[in-house]
Every structure is written in structure tokens, then in C-alpha cells.
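Hi,

Here is the structure I promised to pass on. Have a look at it first, and my notes on what turned up follow below.

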Amino acid sequence: MSDIGIHVFSGTGNTLKCAEALKDALAAMGVPADLHEIGKGSRKPEEQDIILCYPVHGFNAANAMLDHCRELPDGHGNIWFLKTSGEPLKLNDNSSAELIKILKRKGYTIKGEFHYIMPYNMVFRHSDEMASLMWKTAKERIRDAAAQIANGEGHMPAPRLSAKLASGLCRIEHWFYPVNGRLFRVDAKKCVRCMKCINECPENNIQYKDGKFRFGKNCCGCFRCSFDCPEDAIHIGILDSMRVNGPYDFGRDPGKAEIGRFCRKAYKRYFNV
């Protein structure tokens with residue numbers, strides 16, 4: 001087993017792509033790391049140093065990552081965070097706060113955080129060119145993150161009051177998602193019974209019984225089921241108007257990406273354009 005573990009929770013694959021790129025970058029520097037995906041009752045690895053990778057949900061860490069950290073053994077190793085979000089706002093700077101509280105009580109040392117912008121799987125759909133620019137930028141910056149981790153270095157942002165307020169207010173999502181998850185439904189006219197949603201749900205929250213899909217109380221709000229549905233047949237409760245369906249093509253020309261008006265200044269700073 002490697003001395004570094006990369007523990008990943010990824011809703012629709014963006015965070016996993018970044019985690020795999022980080023693993024490759026570390027390997028190129030002679031630093032082997034084991035990658036573990038969180039979900040479906042996965043085992044709890046016990047490496048000394050850990051990189052926790054998660055998507056930001058409402059300016060907070062995803063519920064599944066919080067649960068994972070609560071179940072980690074006490075330790076005296078180092079912790080780094082790799083997180084992804086759809087927008088490069090400083091309001092995301094406090095998203096690891098709850099994780100830090102848990103991990104410090106367990107004896108871990110918090111070393112640093114790396115934040116990468118990847119396309120939305122909710123709210124609205126980015127263009128494939130924009131997604132490709134995000135991925136190109138993330139890969140370039142991940143090499144620097146690997147160098148810092150290899151040297152035992154890192155940096156944590158100092159969240160502004162606005163970031164603390166945003167994460168505090170949006171923490172309501174931690175109980176909202178399980179409630180809203182029970183409102184999910186499947187359009188029987190579209191559904192082809194491929195069972196992809198059941199097989200891929202990280203929380204084992206979907207069942208098929210007596211010819212009907214049933215959604216339980218363990219939804220973590222990753223929206224993998226609706227995003228990956230090949231027929232766009234899953235409606236996601238109160239949030240259905242923000243549903244995004246289908247994979248992005250990260251192989252487009254990033255030079256043709258057009259930055260829209262939404263968070264325009266923040267995106268331009270992030271991309272250095």
C-alpha cells in the first residue's frame with residue numbers, strides 16, 4: 001500500500017478526472033498513490049497521508065465526503081483537499097470547514113487545498129468548448145499541486161466572512177437532499193430499464209420493485225442518476241428545472257470557448273484571460 005491515499009467522491013466524474021490526473025502527476029514525480037472511490041460500502045483505507053477529493057455542493061463539501069471523514073480512523077498524517085466546483089468564486093473558500101473540524105479532532109494535520117473549475121452537472125449546461133478549457137486549465141494546475149504535495153507543502157485559503165456565511169446558510173442542503181431525493185421519479189415512457197441509475201448510485205438509494213423505481217432517503221445530491229441517464233428520464237424533484245443531462249465532450253478546442261456573462265470576471269481571472 002502507498003503512503004498516500006487519494007480518496008475520491010465524484011458525482012458525475014469531474015472530480016474523479018482531476019483525482020486521476022493528480023495520481024498520474026504524483027507518479028511522474030516518483031510518488032506513488034493509491035486511489036479509492038467512496039461509495040457503495042467501499043472499504044476505509046488507512047494511509048498515513050490522505051488527499052480528499054470532492055465536489056462542492058452549495059459552498060460545502062458533499063455529504064458523502066463528510067460521512068467518509070467521520071469514519072476514518074484516528075491518525076497523525078497530513079491531509080490535502082482537492083475540490084471541484086462550477087464557478088471560481090471565493091464564496092467556495094469555506095467549503096472544507098466542516099471536514100477540517102472532523103479531521104483535526106482525529107489528529108490529522110491540514111496541509112492545503114486545491115480548487116479546480118469543472119463544468120456543471122446542475123443549474124445549467126456549459127458548452128463543450130468551455131468544459132474543454134476547464135479541463136485543460138485543471139490539468140495544467142494539477143501538476144503544481146502534485147509538486148507541493150510531493151514536498152509536503154500546501155496552502156489553505158483564508159475564507160472571507162461572505163464565504164463563511166454562504167457555507168453556513170447553504171448547509172441546509174445536508175438535510176434537504178435526502179428529502180428532495182424521495183421526490184425523484186422516472187418517466188416510464190422514456191425509461192428503457194437499463195438500470196444504470198441503480199447500478200451507479202453511490203448511496204444504493206434506488207430500487208426497482210414491482211415494475212417501479214423507488215428512491216430512498218439517502219440521496220446525497222450528486223445527481224449521477226439523472227446526469228448519466230441515457231434517455232434523460234429521471235426527474236429530480238424540486239430541482240428539476242436545473243437538471244443537466246448527458247456527458248460533456250472534453251476533446252473540443254478550448255481556444256473556442258466563450259465566457260458568458262455569468263460570473264464573467266471570476267472566470268476570466270481563473271483562466272488568466
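Let me start with the second largest pocket, which has a volume of about 500 Å³. It is lined by 15 residues, and Pro88, Lys90, Asp93, His115 and Tyr270 are the closest to its centre. A pocket here is an open set of points on a 1 Å grid over the protein atoms alone, where a 1.4 Å probe fits, with protein on both sides within 12 Å along at least five of seven lines; lining residues have an atom within 4 Å of a point. Points are joined across faces, edges and corners, and the volume is the space filled by probe spheres set on them.

Before I go on: this is a predicted model, so local features need pLDDT of at least 70 and side-chain atom pairs count only at pLDDT 80 or more, while totals for chains, interfaces and linings use all residues. Residues are numbered from 1 along each chain as its sequence is written, and side-chain values use heavy atoms, with hydrogens and water left out.

Back to that pocket: β6 (109-117) and α9 (264-271) each supply at least two lining residues, and β6 gives the most, with 5. (Helices, H or I of at least four residues, and strands, E of at least two, are DSSP runs numbered from the N terminus.) By class, the lining has 8 nonpolar, 2 polar and 5 charged residues. Ala, Val, Leu, Ile, Met, Phe, Trp, Tyr, Cys and Pro count as nonpolar, Asp, Glu, Lys and Arg as charged, and the others, Gly among them, as polar.

The largest pocket has a volume of about 650 Å³. Val56, His57, Tyr120, Asn121 and Met122 lie nearest its centre, out of 33 lining residues, which divide into 17 nonpolar, 14 polar and 2 charged.

Then there is His235, in strand β10 (residues 234-236). His235 counts as buried because its relative accessibility is 14% (buried is under 20%, exposed over 50%, partly exposed in between, with a 1.4 Å probe and protein chains only). Leaving aside neighbours within four places in sequence, His235 is in contact (heavy atoms within 4.5 Å) with Phe184, Arg185, Asp187, Asp240 and Arg243. With Arg243, the side chains make a polar contact at 3.4 Å; that term means N or O atoms within 3.5 Å, one able to donate a hydrogen and the other to accept it, and residues adjacent in sequence count only if both atoms are side-chain atoms.

Cheers
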